[in-house]
Amino acid sequence: MSEHKKTITAISWHPRNPDLFASASTDNTVIVWNVAQQKVVTSMKNMKSPACSLGWGLHEKECVSFTSGRGPLYLWNYKIQNGFTMHKEAQNFMSDICQFRWHHKKIGKLAFGHLDGSVSLFCPGIRPQKHVLRPESLEDSDEEDPVTGLEWDPLSMEYLLVVNTYSGIRLLDSESLSVIMSFQLPSAAAQVHTLAWINSAPGMFLTGDTHVGVMRLFSVSKPTPIENIRLKKTGFHAMTVFTTTPGSGQSNNSGNSQVDNAALFSASNVSMPAATSNTSKFALPPAHALCTFLDGGVGLYDLGRRKWDFLRDLGHVETIFDCRFSPNDPNLLATASFDGTIKVWDVTTLHAVTTSAGNEGVIYCLSWAPADLNCIVAGTSKCGIFIWDFGQGKVIKRLNEHGKSSVYSVAWNQKDSRKIASAGGDGFCCVRQVDGEMVMRYKHPGPVYGCDWNPHNKDMLATGCEDKNVRVFYLATNSEQPLKVFSGHSAKVFHVRWSPLREGILCSGSDDCTIRVWDYTAESCILTLQGHNGPVRGLLWSPEIPYMLFSGSWDYSIRIWDIRDGACLDTVLDHGADVYGLTCHPSRPFCLASCSRDSTVRVWSLSPLVQPLEITIITNQPWEKSLVNPELAYVPGGPPLLVGKTSRDLRSQVEKLKDNQRDWILKHFSLLFASPEGASNLWELVDVIKGTSDALLSNKYKNGIIHMKHITKYKSAAAQEMQMVKVIRQKSSIGSPKYEEKLREAANIHIKLGNIQQYCELMVEVGEWEKALAVAPGVSMAYWKNLSERRADQLLQENSDLSVPYCVSTGNVKKLTKFFLSRGQLQDAFLVAAAANEGSIKVPNTPRSTKPVHNGISGDDQEDNHFSLLVETSEELANWLFRNGTPILAACCHLAVEDCQKAMSKLLRGGEFELAASVGLVLDNVKSLTDTGFLFLARRCERIGHWDLAVDLLKMVDDSNIPLAQLCSRCAASMTEINSLHEKKSFTLINASFQAGFPSMDDCILIADQYLSEKQIEKSVLYYLMSTTPEKGLEIGLKEVKARCSTLTWTADDVFPLLQILASVKTEKLQHHVCASHKNNLLGYCAYVGALVAARRHYDVIVGPLLSHTLDLMKRPDVDFPWSQSLISSELDAWNLKQSLLFNSGTSAPVKKEVSMTVEQQSLHNDFIRKTGTDTWLVEIGPDILSGSGLPSHSDVHLSVITSERIQAS
């Protein structure tokens, strides 16, 4: 949703339609959006000035109001032609408007907050009040005190809460024009930037500070804060409060999962309670505050539990101009932004690790120091150049050779760490030593926008200039004149980039919307790439594929080019604005990062472009088919080949190995192609399962998902390192003081008499559990344990973190894991279950029994029970991660408890087929699922035309006869090519005369006839489909399918295998007029049986559409099915009703009594379920969830064959 071209200034949700909201921007546009449809409803462009505030009134359903400056207030009914009017009274103000708010109950009533600190009030039938209730301290003064917050009391018709920057918070009576309450902040330096009422707590509201992330809770009856909660170091940007968790009541589709909706927000460890500035035991109201901060952070804070449900700590709030991966730690990505900060991100988690202090103006560019120096040089708009020590978190050097001019590009020489080059608006490209000593100043006739060091020559430097030329300088000559000047662009040249793989080749991007490729040796332009519709900014060469070039443009696109012939291989339009920076992961050359004016960094997988390479390695092909020298890889029309440093280093290491070469190759080349998120963690868990020594595990292993045998070891070490003491305040319900005092007096008497148990019970009654538990062992350990369990149960009921130590001390692991699961703290639940499994949490022995009984389980059975609990908990965490689009991390959870089958299932269901195949081969204990991965990969190879690779994959599968025959049936090529493919097979057929492979297409007819005479229908159909007469196979197969479906007891098992064979017929044959009736019948059978298979595999959302599709097909001419349209229609109605009832039963939504299934509908549904049969599918059932590059890009258009609608990510 990226229609705005500039910064968004205001946003407002429709008060009655949750799918609509309006936004305004500095591009002088107001847009109304429909979120459900992800589209613009309407827009108003070319306004005189950008709107500073907007809102929806109650007077008209489709009316958006907005204003700027000193008014007027515009009213826009976007449903009516010429529906644009002005508010008759809300105009000609004496001070600029900061914001306005319509009253939520009184139609037409609204309030304005002004720059001078005053308020203006309007109400139908009452005289307008302009610029009233200005803070007393500003009376008779021209000073400004902007209104930063303005909210009507949700329970009042007259009360208005107002925040001024300097004068603080006031509660106003809009009728009497009086100040009801002025609220006091703890210090004069504190300022409030945002506020929100808490609807679930009448009279209470929250505020967020301007300079520090302190959230304060106020009550209208008290002038000082009830509670001060420090959430972050940086100030608030905005805040809104939900009285319940957003999205509550929605099913999470997790079957019998114990996890409630809180789990939808975070699977992280429990957040530390926010620091409070007082010692109050005040119970905070149940509400969630969605907070955004000035440093780009965003989080959802649970006020009642005093913890973050979710927190993304840092982020950019403006255009990101540049991004670069660290050469020392390749998973670190640095970004430079208009907001004046550098942020460093961990791409394995997509979280910001650290940020620079800011206040640098606009940061246009950055470059990492080579090797392990851990420094970044950055160029700014007005503050010159600075070097930031990432490790120390401070600026260690400032360089000002460009004066006040902007620095558009910096480049730290990767071959000579002493030299840094910079390009500036003053017309110079400067080369200096790190210590600041100037080496050379290259004068240009205009501003210099780009500079880049030649990776093959440490003294050669290229620049791009305003004068449309590219220049190459040679530092060793000590001459200020360029060695070469390349002309050809028709507008200014921005970035220039040398090829890392082909010496003497460089490229340049220009405002003329083209990229030119130059040959330094030939002194000429060898190629001009055209296709962008805006100035070109981002440029990047592939570090592995010598002909692959990436570009980013102001037309919002990233283009991937083949410079052998100038073809554009792919265009990606997912960014919502200009694309500025492009960079490649140093150790994963097919992982690309990009940054944009849309203030996002996006990480891409390029593996689909070079998919044959990874499959070549999986199928154990000779090195010559994947790794060659650059010249061989540059052959026009040839396949992609690896020639970069990373792949060469891997090959060199392989050749030094004596043992386990195959496993090592699969692991490390898999990492070469895999995305950063979770792949390293997955392979280290595979290493642990295979018996690798702990000493060989990386230092980062302990920060990921850990094998069950390591959890206690590493977490205990981490706890000791942190040396952190959690201070948690207990809150208790206190009754009548006099009554409690009497109980305490009675307790004191009992303890003096030695009646310890009576003392304990009385102390429990007044809520002083700690005193009772301290002396309970004096009665017996059994009594202490009983009392501790009672306390744990009470705290669990209150959903309190204080229950944790009591559950641990009594060994009540099951209750504790259930508690964590219910709160969505899945990793905490996993940690507790793992600790219990290792024996770190034990049931305390009591004198009654040497083998204690806990929850009905004897001590002898505790170990097995704890392991099963660990497995259940790991599965909960895995399912959560899988649902949230991280199948690799989900697989890690299963491998942590050595459940290899489910780990493979998660990878397959998540579309990580290459990774699943490699892991399966190394594990060597999940052959069937590994074969499934090969089958999926073979289909991928078919789609991209690599039939030979598909064959190689299928030959690795057990019982590959039928899949190979289906592949040959689908092959769309000439008869000669298909016959050649037939001959490539090397497995034994039943007919001995063709032991070397499949026969030719003509000979397949003879074998098909033979099988038909023997009544072997499947084999007969298979050979007909491979022959020159596939229509005969269709006719025989469909006739057999109809016969099987005509029996009273048929199930999907009876016809599904045959339909899979029939579905492998060539598409062009099916489109032929001879096969018209066969086509409709085949589609109908596939749709109906597909619905049955989808139902048994729990792909519930597509069952209904498949049945509807079946009905549509049955209306076509020349179709012949053994069931009626009325039957399918009734089954569809019964299915939809059943799904509706199941959905409602899993939510808090009320179900009308009259909505229920009739006996006939239940019978139809039961028979439909019976027909689904028994699935032998080895992959775990449930919806498949793809993420990242597995999803259709926003720039792709894929239409569903069922709904004919565009497939998009949800």
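In this predicted model, F934, L935, L937, A938, C941 and E942 of helix α18 meet W947, L949, A950, L953 and L954 of helix α19, where a contact means heavy atoms within 4.5 Å. Helices here are DSSP runs (H or I, at least four residues), as strands are (E, at least two), numbered from the N terminus. Helix α18 covers residues 927-943 and helix α19 residues 947-954; they pack at about 170°, with axes 8 Å apart. Axes are lines fitted to C-alpha atoms over the stretch in contact, and angles run from 0 to 180 degrees between N-to-C directions. The angle therefore makes α18 roughly antiparallel to α19, a term for angles over 145 degrees. By class, this contact has ten nonpolar residues, no polar residues and one charged residue. Ala, Val, Leu, Ile, Met, Phe, Trp, Tyr, Cys and Pro count as nonpolar, Asp, Glu, Lys and Arg as charged, and the others, Gly among them, as polar.

The lining of the second largest pocket divides into 24 nonpolar, 13 polar and eight charged residues. Elements that each supply at least two of its residues include β26 (320-325), β50 (579-584) and α3 (645-656).

Confidence is given by pLDDT, from 0 to 100 for each residue. The protein averages 85, and 89% of the residues score at least 70. Over residues 722-737 the pLDDT is below 50, and this stretch has 20 contacts beyond near neighbours in sequence. Where pLDDT is low, the predicted coordinates should not be read in detail.

Residues are numbered from 1 along each chain as its sequence is written. Local features need pLDDT of at least 70, side-chain atom pairs count only at pLDDT 80 or more, and totals for chains, interfaces and linings use all residues, while side-chain values use heavy atoms, with hydrogens and water left out.

How values were computed: pLDDT = per-residue confidence, 0-100. Parallel < 35°, antiparallel > 145°, perpendicular 65-115°, else oblique.
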